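Here is a short briefing on the model shown below.

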Amino acid sequence: DLKGLMGDNFQNVQVILSNLVTSKYDKVPDQIRIIHAHALELSKRPPDFVKSDGDKRMFTNYAYQLESSTANMLTVLDVLILHDRTPVEPGKLNIDYLRVVAASQFGQIVTTCVLCHNQFRRHPLN
């Protein structure tokens, strides 16, 4: 159900953030795949409380946006993980654009969650 999907996603967001901050990128793809699968499911069937055609389009758009952001993040993570396994200068901290891109994609994922939640679930889930 929707509440179960969102609960799982919320827990994953906290774990993903921790792994991004500590550069444990190899642990992130499985967590992102869960959110991606949920986005695919949400795009197929808006919940019953989304009534009007306009709201259904908006909800589906948020689901597609979440699907796109998670797919993009998975692509970036694949390259970043490969890059980190073969550092150019061992022992030197490699800071490059991939880390920023991964963080940006994560920000888009969280932003999409907040936008949708604020639009459709203005009251806390119990």
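Arg-33 sits in helix H2, which spans residues 28-44. Helices are DSSP runs of H or I with at least four residues, strands are runs of E with at least two, and both are numbered from the N terminus. This is a predicted model: local features need pLDDT of at least 70, side-chain atom pairs count only at pLDDT 80 or more, and totals for chains, interfaces and linings use all residues. Residues are numbered from 1 along each chain as its sequence is written, and side-chain values use heavy atoms, with hydrogens and water left out.

**Arg-33**
- Arg-33 is partly exposed, at a relative accessible area of 42%. Buried means under 20% relative accessible area, exposed means over 50%, and partly exposed lies in between (1.4 Å probe, protein chains only).
- The Arg-33 side chain makes a polar contact with the side chain of Asp-30, at 2.8 Å. A polar contact is a pair of N or O atoms within 3.5 Å; within protein, one must be able to donate a hydrogen and the other to accept it, and residues adjacent in sequence count only if both atoms are side-chain atoms.
- Glu-67 is 34 residues from Arg-33 along the chain, and their C-alpha atoms are 9.7 Å apart.

**Overall fold**
- The protein chain has 4 helices and 0 strands. From the N terminus, the order is α-α-α-α.
- Of its 126 residues, 35% count as buried.
- The protein chain exposes about 7,900 Å², and carbon and sulfur atoms supply 57% of that. Accessible areas come from the Shrake-Rupley method with a 1.4 Å probe; for residues, only the protein chains shown count as cover.
- Contact means heavy atoms within 4.5 Å. Among contacts in the protein chain with a separation of 6 or more, 66% join residues 24 or more positions apart.

**Nonpolar cores**
- A nonpolar core is a set of buried Ala, Val, Leu, Ile, Met, Phe, Trp, Tyr and Cys residues joined through side-chain atoms within 4.5 Å.
- The largest core has 19 residues; Ile-16, Leu-20, Val-28, Ile-32 and Met-73 touch the most other members.
- At least two residues of this core come from each of helix H1 (2-21), H2, helix H3 (53-85) and helix H4 (97-120). H3 gives the largest share, 7 residues.
- Leaving aside neighbours within four places in sequence, Met-73 contacts Ile-16, Leu-20, Val-28, Ile-32, Ala-102, Gln-105, Phe-106 and Ile-109.
- Another core, of 7 residues, lies apart from it; Leu-42, Phe-59, Ala-63 and Cys-116 are among its members.

**Helix H4**
- H4 has 24 residues and reaches 35 Å from first C-alpha to last, close to the 34 Å expected at 1.5 Å a residue. The expected span is 1.5 Å times one less than the number of residues.
- Buried residues in H4 include Leu-98, Arg-99, Ala-102, Phe-106 and Phe-120.
- Gln-105 is in helix H4 and is buried, at a relative accessible area of 10%. Leaving aside neighbours within four places in sequence, Gln-105 contacts Ser-69, Asn-72 and Met-73.

**Cysteines**
- How many disulfides are there? The count is 0, where a disulfide is a pair of cysteine sulfur atoms within 2.5 Å.
- The sulfur of Cys-113 is 8.1 Å from its closest cysteine sulfur, in Cys-116, so the pair is too far apart for a bond.
- Cys-113 is partly exposed, with a relative accessible area of 30%. Cys-116 is buried, at 15%.
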